[in-house]
Every structure is written in C-alpha cells, then in structure tokens.
Amino acid sequence: MEIRDLLTQFFDAYLVKRDMESALACLSDQVISLGTGAQELALDKEGLRELMRHEFESIPGGFSYVIGDYRENWYSDELCGVYCSVLTSMADGNGEEVSFQTRLTMTAARLEGRWQILSLHMSAPSDQQEGEEFFPIKYGRQAVGRLDAAASRKLVEIMLSMLPGGVMGGYLEEGFPLYIINDTMLNYLGYTYEELVEETGEEMRKIIAPEDWERVEKTIYESLEQTGEYDVQYRVVRKDGTRLWVDDKGHEILTEDGRRAMISVMLDINEDMALQERLRQEAMEDPLTKILNRKGAIANIEETIMKELPGAMFVLDIDNFKQLNDNYGHQIGDQVLVLLADIMKTHSREGDVAARIGGDEFLLFLPGCVRTDVLESRAESICQAFREAAAPYERADLSVSIGISVNDGSRDFDQLFKEADDRLYMVKNSGKGSFRYVNHLAAGLTDREEP
C-alpha cells in the first residue's frame, strides 16, 4: 500500500464515515496521536479509541477534507514520514460551511507485513490556535505548549523508542559535537551514555570508522548545502572495536541556541552489506574451483593496469582435457580443474590474481613481477606440479600449457590477454606441456619459450 493511500484510508474512515474501527485498523497498537486541543493526546491505540469515542458522540456528522502540500521523507524501505496540509470542512447549524486549516505530520512503518501509522500530529497555524501548538516530531522541548517539561521528555522518549533505528544528532561544527542520542543508538554502539561521553568526548567523529570519516563529512556538508538533508552509508566503531554498517538519513535543524545541527535516523544495515558483499563475491567467483571467474579477474587486474604498473599475465590451458573426460568421466574432470586451481594458489603470492576464465582455461596475473628468471621458475613449477598431480590419469596424458605476456605498464587487459593467449596456442601447437612468453621490458620485444 502506498503511504498516501494509507493516510487517505484513515481520513475517509475517521473524518468522512466516522467509522472508528476502520480508522483504528490503519494504526499501530502503540500509535501516538497529538491533536490541536490541549487534551487531544493519546499514547496508544486504546487511548485514541477513547478520544475518538468522545469526539464522535459530540460531533457525529462527518467532515469533507482536502490534502495539500503533500511530502514524503523515506528513512528506509520500512519507515516513512509525511508532512501535508489538511483543509477540513463541515456545515454549521445555519447550513453554512465552516473550514479549518491544519498541518499534519505522520510516521508510518511496515510492521508484520503491512503498513501501519506509528504517529500522528495535527496542529493549526498560529493565527487559528491560541497558545503554542504541540510540537512535531523533533527535539525541541520549548515547542511543547501545554505539556510540562517532564511530560514532554517522556513523550519524546516514547516516540524515539518506537523508531526502528538509532536516533543521533550532532552540531555542524568540527568533529560533529553530540547533540542528541537515543537508547537504540547506544545499544548499536554497545555503550552506556556515560561510557560514550568518556570515550569520545561527545564527538560523533570518534564513532565513525576512520577510513570512512572524510567521505562522510564531505557528503553531509555537500548534501546539506544543496538540499538540507543527506543520506550516507558508513561504518561506526562499537565499544568492542567491531564495525557496524549504518544507513544515516538526516536533516539540518537550528537548535534553541541558534546553532546549526543535524538530526538523523540510523538503521543497522550490517546484514544487508554482508549480503551485498557475499553476492559480489559470488558474482566474481568460480563456484567449482573457488578462485575468481573471468569477471572477477578483469576487475582485479584492471586496478593494477589503471595505475600503469608493470606485471605479468599467464594464460593456462589443460592439455588433453577432453580425453580425460572421455576416459574418466566429468566428475574426475571437475576434480582436475580444482587440482590446477589449487596448484595455482600454491604458486601465487598475496596480491596475485588467480582465475578460471572458462572451461579448462585459467589465468594468473602477477602484479609487479617482471624478472625473467622468476617468471620462468614460476611457469616451470606450475607445469611440473600439475604433471605430477595428474599422473594417475595416465590414459589422458595430462599436462598444462602456458602463454605469458609481460607488461611494461602501457598495455590494457585485452592486449595482454591476446598476447598471452597467442603464446599459449604456439605452445599447444608445438608439443604442449611447456610455456612461451613475450616480454615488453626487454630491449625491444623478446619472445621466449621454455628450452
């Protein structure tokens, strides 16, 4: 259900039809409602039911209404805030139409699979309402009106506790000095309030992961300058040192003492980020051999190439692989593919890129490794290790052929791959089980093959 549809459904039942149960069905059991009158306060559905009952008895006739200036602020896929104006009208005792202009803020959330209203606040412009209006959902006790300080604090606590996320605010000053924080956010961080103050000196910067801080600060200031609000994802550092991903959606406000500040709802997205990372890995990983696939290899190799750094690319192919499948079956064929992947990992350094790029074809990229003796030794070791490991499958006469291209930092992935692939097929056409390479770092262009 769209949020505006939910609001319209509520108003149709409440204002037009005066159908109490249909109106209440749109609300959470813990709904908070603030009306324009001094006594129009309900802290749950049953409290609102009682207010409605008295209202319906005193004004049984319905109202017409018009919604204007409608705006939604989405804090997450499960939480939405609404602001709009509402013009209500009804006929008085003389048959003349009487209209009343109000402003409404509403919060709705998806609870147990359906959208429900969490909070309603209706206020009248100052020229229609005596005294001060009840406050909208924000931190500002001076705007409470007839509620005393203790009641206003309690109401703020209830509202904040209902939000499915942490609430936090900071002054828009160096280090983001702390403005407010609720218990949910403290629970996210694993601190008591006193511990947080002692550990951070009340600076929000000190709970943001250092590697994210510069990006977060830049995003917040630039977004607030452009739109007055921001949305940024980053990691916060918990008391135990672990990191928690949060989605921070905030707005700029002006505090009672005239200082610029921001206030936001932070949702725990740790599981979402872990899922994204897992999906990213699955998209770039070969499910059989557990090394990278072609997409993952290209993404990793291009990071080095973009920096114009030297390196070497090996393209490997298993000789007589079809004969292996024909003689021993595809299950054994899969085991041999895994075998070569494991040998490649054994003969790789941290930072090298090992990948299966299709069928029985593999790729190994060695960033920064360009010495001829090292490359020859690496290729010989892989060829020898595979011959020994594949010896039990003697009817297939397995070996591995390798083509190598050495990059001077000026060649892109496609150029490197084509050169290495060309050398691979030179090897396969001249006896198999060895290697051949082209070296762009040598004087001129050197083409070498295993003696």
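**Reading the labels**

Of the 451 residues of the chain, 46% count as buried, where buried means under 20% relative accessible area, exposed over 50% and partly exposed in between (1.4 Å probe, protein chains only). This is a predicted model, in which local features need pLDDT of at least 70, side-chain atom pairs count only at pLDDT 80 or more, and totals for chains, interfaces and linings use all residues. Residues are numbered from 1 along each chain as its sequence is written, and side-chain values use heavy atoms, with hydrogens and water left out.

Q: How many helices and strands does the chain have, and what makes a stretch count as one?
A: The chain has 13 helices and 17 strands. Both are DSSP runs numbered from the N terminus: helices are H or I with at least four residues, strands are E with at least two.

Q: Why is α9 called roughly perpendicular to α13?
A: Helix α9 (residues 294–306) and helix α13 (residues 413–428) pack at an angle of about 115°, with their axes 10 Å apart. Axes are lines fitted to C-alpha atoms, for helices over the stretch in contact, and angles run from 0 to 180 degrees between N-to-C directions. Angles under 35 degrees count as roughly parallel, over 145 as roughly antiparallel, 65 to 115 as roughly perpendicular and the rest as oblique. The angle therefore makes α9 roughly perpendicular to α13.

Q: Which residues make the contact of α9 with α13?
A: Contact means heavy atoms within 4.5 Å. On the α9 side the residues are Arg 294, Ile 298, Ile 301, Glu 302 and Ile 305, and on the α13 side Phe 413, Leu 416 and Phe 417. They divide into six nonpolar, no polar and two charged. Here Ala, Val, Leu, Ile, Met, Phe, Trp, Tyr, Cys and Pro count as nonpolar, Asp, Glu, Lys and Arg as charged, and the others, Gly among them, as polar.

Q: Why are α10 and α11 called oblique to each other?
A: Their axes come within 7 Å and cross at roughly 140°, so α10 and α11 are oblique to each other. Phe 321, Leu 324, Asn 325 and Tyr 328 of α10 meet His 330, Ile 332, Gly 333, Val 336 and Leu 337 of α11. That contact divides into six nonpolar, three polar and no charged residues.

Q: What makes a set of residues a nonpolar core, and which members of the largest one touch the most others?
A: A nonpolar core is a set of buried Ala, Val, Leu, Ile, Met, Phe, Trp, Tyr and Cys residues joined through side-chain atoms within 4.5 Å. The largest has 34 residues, of which Phe 314, Leu 316, Ile 318, Phe 362, Phe 386, Leu 398 and Ile 402 touch the most other members. Among the elements that give two or more residues to this core are β12 (311–319), α12 (372–389) and β15 (399–407). Helix α11 gives the most, with seven residues.

Q: How do you know that Lys 428 and Asp 319 form a salt bridge?
A: A salt bridge is a side-chain nitrogen of Lys or Arg within 4 Å of a carboxyl oxygen of Asp or Glu. For Lys 428 and Asp 319 the N to O value is 2.6 Å. The pair links distant parts of the chain, with Lys 428 in helix α13 and Asp 319 in strand β12, 109 residues apart. Lys 428 counts as buried because its relative accessibility is 17%, and Asp 319 is buried, at 0%.

Q: Why are Glu 211 and Arg 243 called partly exposed?
A: The relative accessibility of Glu 211 is 45%, so Glu 211 counts as partly exposed. Arg 243 is partly exposed too, with 34%. Glu 211 forms a salt bridge with Arg 243, the closest N and O atoms being 3.0 Å apart. Both belong to a network of salt bridges that links Glu 211, Asp 212, Arg 215, Arg 235 and Arg 243.
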